Amino acid sequence: MSKVLIIGINNPSKLDNGKSVVMNGVISFLKQRYGEKNVKSVFFSGESNEYKDVLVKPGFFTQSRNILLYSLLLRKKAIQEAVFYSRGNTKRINNVINDVNPDLIIIDTIRIAQFIPENNKAIVYLDDLFSIRYEKMLEIMSKHESVDLNSIGNFGKFIPNKVLNLMKIKAVEKFLLRIEKNLVFKSEVKTAEKFQTLLINENEVNVLSDRSMKVVGINEIRPFLNLEPTVLSRRNKHVVNEKRFIFLGSMNIAHNRVSIIHFLETQMQNIITKIPDVKIVLIGKHAPTEVRKIAEKHPRNIEIKGFVECLEDEFSKATAMIAPLIFGTGVKLKVIDALSQGLPVISTDYGVEGIKLTHGENCIVENNLDNYGELMLQMTDWKKNQIISQGSYDIFQKYYSAGSINKHYGTLFNVGEINANKKK
């Protein structure tokens with residue numbers, strides 16, 4: 001019986017971010033395929049089965065020394081690697097690998113890959129290319145000086161408070177972001193040269209392949225959202241007549257927060273002129289003060305829902321989803337959620353990046369935000385809405401349904417095939 005070992009930063013069971021959703025889907029698949037007892041896991045935070053004490057967050061002195069030595073002076077490790085690094089963690093992780101003797105090891109990003117010697121049983125999930133993410137953040141900082149990107153994001157909980165406060169100073173943030181972009185670039189290439197790697201964005205698979213001629217193997221991994229099988233139910237004209245448009249996403253994430261503030265500030269009046277009785281529904285935690293102030297100016301047209309447990313109900317009442325993102329990387333799982341319900345999506349390239357969609361057939365792609373009022377108006381036409389709705393639902397069934405993903409993961413994580421290919 002094949003054995004699998006998962007090594008990561010956060011226990012993905014909370015499903016509170018895109019990476020956790022993907023990793024949770026991978027773990028669920030592997031447990032179903034190889035048996036729950038044969039899938040072991042080790043995480044820095046959260047329950048980790050019998051190996052819960054293996055990974056230990058280094059203390060303030062060690063983290064600070066690592067950042068100064070390995071990131072700022074030697075430029076050997078990205079900051080996100082340095083804050084986790086210790087010889088003790090390296091030793092304990094490799095002791096677990098020797099103890100479990102797995103047929104397959106799934107590694108969560110470069111932060112964990114740094115601990116693992118070259119291993120033909122290992123696959124590293126890189127999520128998306130952070131080097132590209134940081135490059136886009138720097139571009140946004142240059143264009144919009146007043147914007148608070150919070151580039152550190154949820155990762156801040158792993159950084160010493162004194163260092164974290166320093167990194168929040170705008171000039172320091174930009175300086176460190178440039179350094180981190182270059183260091184992460186090196187680590188991503190190095191990881192791809194040592195291990196099989198997975199990226200959620202097919203476009204970035206090609207980018208990473210081009211950056212090194214010695215890659216072991218890079219593949220796209222489609223997210224397993226484990227959604228219940230449904231039938232397309234958007235058949236009532238009143239859904240379109242409601243003129244209700246959803247923006248979905250936690251607004252403490254930089255690309256969501258910055259994009260929705262920019263969109264509402266620049267486009268709200270134009271949209272109301274086109275659709276006087278429009279309702280834009282903001283779903284997601286952490287709505288910032290700027291968004292709340294804009295909503296107060298348009299109480300009839302903007303509704304802040306916050307976190308919603310059952311998205312299916314909200315989708316069933318909506319005319320379309322809007323994703324007017326002005327930057328971002330990776331695959332936006334909220335768009336795939338919408339596809340699963342046949343909810344039409346109006347998005348910039350950033351919102352649908354890495355998703356197998358075609359403008360005019362199964363989504364509307366528009367990068368000029370000034371055109372969104374007209375496009376939203378068009379989606380209130382029943383026949384046009386139904387064409388995009390059916391097309392989006394068909395794409396979900398073809399690429400992201402449980403049956404499709406099971407076949408996809410069967411190829412990616414077939415232990416016998418992986419080891420056989422490695423020996424060739």
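**Entry 1**

I began with Arg-244, which forms a salt bridge with Glu-303; the closest N and O atoms are 3.5 Å apart. I then checked where the two partners sit. Arg-244 belongs to strand S7 (residues 244-248) and Glu-303 to strand S9 (residues 302-306), so this pair ties together parts that are 59 residues apart in sequence. Next came accessibility. Arg-244 counts as buried because its relative accessibility is 12%, under the 20% cut-off. Glu-303 is partly exposed, at a relative accessible area of 25%. I followed the shared partners outward. Salt bridges join Arg-244, Glu-303, Lys-305, Asp-313, Glu-314 and Lys-317 into one network. I noted for the record that this is a predicted model.

**Entry 1: other salt bridges**

How many salt bridges does a search of the whole structure find? The search finds 14. I looked up two further pairs.

One is Glu-135 with Lys-181, whose side chains meet at 2.8 Å, N to O. Glu-135 is in helix H6 (residues 130-143) and Lys-181 is in helix H8 (residues 170-194), so the pair ties together parts that are 46 residues apart in sequence. Glu-135 is partly exposed, at 31% relative accessibility.

The other is Glu-220 with Lys-356, where the closest N and O atoms are 3.5 Å apart. Is Glu-220 buried or exposed? Glu-220 counts as buried, because 12% relative accessibility is under the 20% cut-off.

**Entry 2: the whole protein**

I stepped back for the totals. The protein has 424 residues, and 57% of them count as buried. Its secondary structure comes to 19 helices and twelve strands.

**Entry 3: helix H17**

H17 covers residues 382-399, which is 18 residues. I checked its span. From first C-alpha to last, H17 reaches 26 Å, close to the 26 Å expected at 1.5 Å a residue. At the start of H17, a side-chain oxygen of Asp-381 comes to within 3.2 Å of the backbone nitrogen of Lys-383.

Which residues of H17 are buried? The list is Asn-385, Gln-386, Ile-388, Ser-389, Gly-391, Ser-392, Tyr-393, Ile-395 and Phe-396. I kept the helix repeat in mind here. An α-helix has 3.6 residues a turn, so residues three or four places apart point the same way.

Asn-94 is in helix H4 (residues 87-100). At 17% relative accessibility, Asn-94 counts as buried. Its side chain reaches the backbone oxygen of Thr-90 at 2.7 Å.

Arg-111 lies in helix H5 (residues 109-113). Arg-111 is buried, at 10% relative accessibility. I checked Arg-111 against Gln-80, which is 31 residues away along the chain. Their C-alpha atoms are separated by 6.3 Å.

**Entry 4: a nonpolar patch**

I looked for nonpolar surface. Leu-69, Leu-73 and Leu-74 make a patch of about 280 Å². Leu-73 is found in helix H2 (residues 60-73). Leu-73 counts as exposed because its relative accessible area is 66%, over the 50% cut-off.

**Entry 5: positive phi**

Last, I checked backbone angles. Most residues other than glycine have a negative phi. Arg-75 has a positive phi, near 55°. Arg-75 is in the loop between H2 and helix H3 (79-82) and is partly exposed, at a relative accessible area of 37%.

His-286 also has a positive phi, near 65°. Where is His-286 found? His-286 is in the loop between strand S8 (279-283) and helix H12 (289-297). At 49% relative accessibility, His-286 counts as partly exposed.

Terms used:
Residues are numbered from 1 along each chain as its sequence is written. This is a predicted model: local features need pLDDT of at least 70, side-chain atom pairs count only at pLDDT 80 or more; totals for chains, interfaces and linings use all residues. Side-chain values use heavy atoms; hydrogens and water are left out. Patches are made of residues with over 30% relative accessible area and no salt bridge: like charges are joined within 9 Å, nonpolar side chains (Val, Leu, Ile, Met, Phe, Trp, Tyr) within 5 Å. Accessible areas come from the Shrake-Rupley method with a 1.4 Å probe; for residues, only the protein chains shown count as cover. A salt bridge is a side-chain nitrogen of Lys or Arg within 4 Å of a carboxyl oxygen of Asp or Glu. Helices (H or I, at least four residues) and strands (E, at least two) are DSSP runs, numbered from the N terminus. Buried means under 20% relative accessible area, exposed over 50%, partly exposed in between (1.4 Å probe, protein chains only). The expected span of a helix is 1.5 Å times one less than its number of residues. A polar contact is a pair of N or O atoms within 3.5 Å; within protein, one must be able to donate a hydrogen and the other to accept it, and residues adjacent in sequence count only if both atoms are side-chain atoms.
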